[in-house]
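Look through the sequence and the model below before reading on. The paragraphs that follow go from a helix to the ligand, then to a cavity and some loops.

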Amino acid sequence: MIDFKADLAKLISVEDFQRRVDEAKPFVARAQQDDFGGWVDLPINYDKDEFARIKKAAERIQSDSDYLVCIGIGGSYLGHRAVIEALGGAKKTKILYAGNSLSPRELQKVQRELGDKDFSVNVISKSGTTTEPAVAFRIFKQMLIDKYGEAEAARRIYATTDANKGALHDEAVAKGYESFVVPDNIGGRYSVLTAVGLLAIAAAGVDIDALMDGAEEERAALISDGGLATEYAVARNILLESDYNIEILANFEPQFMYFNEWWKQLFGESEGKDHKGIFPASVIDSTDLHSMGQYIQEGRRNLFETFVEVKEEYDGVTVPELAENLDGLKYLEGKEMDYVNKTANAATREAHTAGGVPVLEVLMPKLDERSLGALIYFFEMSCALSGFCLGVNPFNQPGVEAYKTRMFELLGKPGYEK
Ligand code: PA5
């Protein structure tokens, strides 16, 4: 289960904080009843037949493909990339990503990496019409056809899209691609535990049963009144009301880089609307202590930090013992690197707190599938509750359309002429 700690004594009394938490508790039921609240009960209410089909498809991909090219953007790729990379990368089929930009260089990089290796494609798009993945799909589909012929190419394409409509759905039906569903009642950024995320995660060799078990356990802890997710949601809003309008997700584990990206989309797209919201940023320390650390310690005081920490100790690398002490590291000899890293984390929290940066802590028991499933659910619930506290709809993203309309005008897409 996920733990959460906040010390907001300088901003609010314990009684007032508790009153705000009590006021936010009904938002759990509101999220559950929302047309886009399907993720709330997902860990106990998912399509078991499709789940079994995902595992079978993953086994097939592992047996016939060195690589799985995952084509999708935003909520259609960040979640699975976050999980796979947080766990240290693929152990079975390697995953490559395309369709999350329009850069030809990035595309060629993926093509170079594929070389003449065997590969399959998972194209993920709820609408089936998002330009970035649609263009990339065309390119990798053609590569599959050139390499394997039409029939085998179709066997190597897995489409994750709307159950009934859209260009990708229609193509999948016409060509006979194996298809998985993006549920109608779950938005992209809340969809990692659906087929959107699970096929790539399973193909990479990650235990998706354990991932779902962790989410189920966390749901059980939060479902009645939001538990610690409500406290985190309320704490964020109290900080925002005191003009702390930038939240930095901080952790000391480079493997979390894409988890941070997923978290930024989750909170940014959910709360940044109606000219409201906390701007979500992230750092990976110690790396970023040597780039962003100066600003965080002494820059404008409108930042707060949320540290994601793994409680379990990780043994495996110790500082070697040497006869001489030329590097002055004798005091660390024999110490676990994880101990040194956790100490740096504690020191950073203390220094930033002293520098006037409010610090929140989210603690996960281990860095494994189960804990990650729990962490994902914790943040999803916190985000929905926080959005409701803020007075916005945490499930829509109307602002994403603006650039698309202008891009279509400039590219001359039919129907978008000026
Ligand atoms: O969270 C979201 O809803 C978005 O990030 C979408 O996932 C993203 O825009 C891609 O859309 P689609 O899956 O329709 O291609």
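**A walk through the model**

Helix H10 (residues 195–203) is largely enclosed by the rest of the structure, because nine of its nine residues are buried. Buried means under 20% relative accessible area, exposed means over 50%, and partly exposed lies in between, with a 1.4 Å probe and protein chains only. Helices (H or I, at least four residues) and strands (E, at least two) are DSSP runs, numbered from the N terminus. The buried residues of H10 include Val 196, Leu 198, Leu 199 and Ile 201. After H10 comes Gly 205, with a positive phi near 95°.

This is a predicted model, in which local features need pLDDT of at least 70 and side-chain atom pairs count only at pLDDT 80 or more, while totals for chains, interfaces and linings use all residues. Residues are numbered from 1 along each chain as its sequence is written, and side-chain values use heavy atoms, with hydrogens and water left out.

Trp 263 counts as buried because its relative accessibility is 0%. The C-alpha atom of Trp 263 is 9.0 Å from that of Leu 78, although the two residues are 185 residues apart along the chain.

Next, the ligand. It is surrounded by 13 residues, and the closest are Ser 76, Ser 125, Ser 127, Thr 130 and Gln 265. A residue is near a molecule if one of its heavy atoms lies within 4 Å of it. By class, this shell holds one nonpolar, nine polar and three charged residues. Here Ala, Val, Leu, Ile, Met, Phe, Trp, Tyr, Cys and Pro count as nonpolar, Asp, Glu, Lys and Arg as charged, and the others, Gly among them, as polar.

Arg 189 instead has a backbone N or O atom 3.0 Å from an oxygen atom of the ligand. The ligand has 380 Å² of accessible area on its own, and the protein covers 87% of it. Accessible areas come from the Shrake-Rupley method with a 1.4 Å probe.

The protein also holds one cavity of 30 Å³ or more. On a 1 Å grid over the protein atoms alone, a cavity is a set of points where a 1.4 Å probe fits but cannot get out, and lining residues have an atom within 4 Å of a point. Grid points are joined across faces, edges and corners, and a volume is the space filled by probe spheres set on the points. The largest cavity has a volume of about 30 Å³. Its lining is made of Trp 39, Leu 42, Pro 43, Tyr 190, Leu 193, Tyr 377 and Glu 380. By class, that lining has six nonpolar, no polar and one charged residues.

Asp 243 is in the loop between helix H12 (227–241) and strand S7 (246–251). The phi of Asp 243 is near 70°, a positive value in a residue other than glycine. Asp 243 counts as exposed because its relative accessibility is 56%. His 275, in the loop between helix H13 (257–271) and S8, has a positive phi of about 60° although it is not a glycine. With a relative accessible area of 86%, His 275 is exposed. Ser 286 is in the loop between strand S8 (279–284) and helix H14 (293–298). A cis peptide bond, with omega about 5°, joins Asp 285 and Ser 286.

Note on methods. Polar contact = N/O pair within 3.5 Å; in protein donor to acceptor, adjacent residues only side chain to side chain. 1 Å grid on protein atoms, 1.4 Å probe; cavity = no way out; pocket = protein on both sides within 12 Å on 5 of 7 lines; lining within 4 Å.
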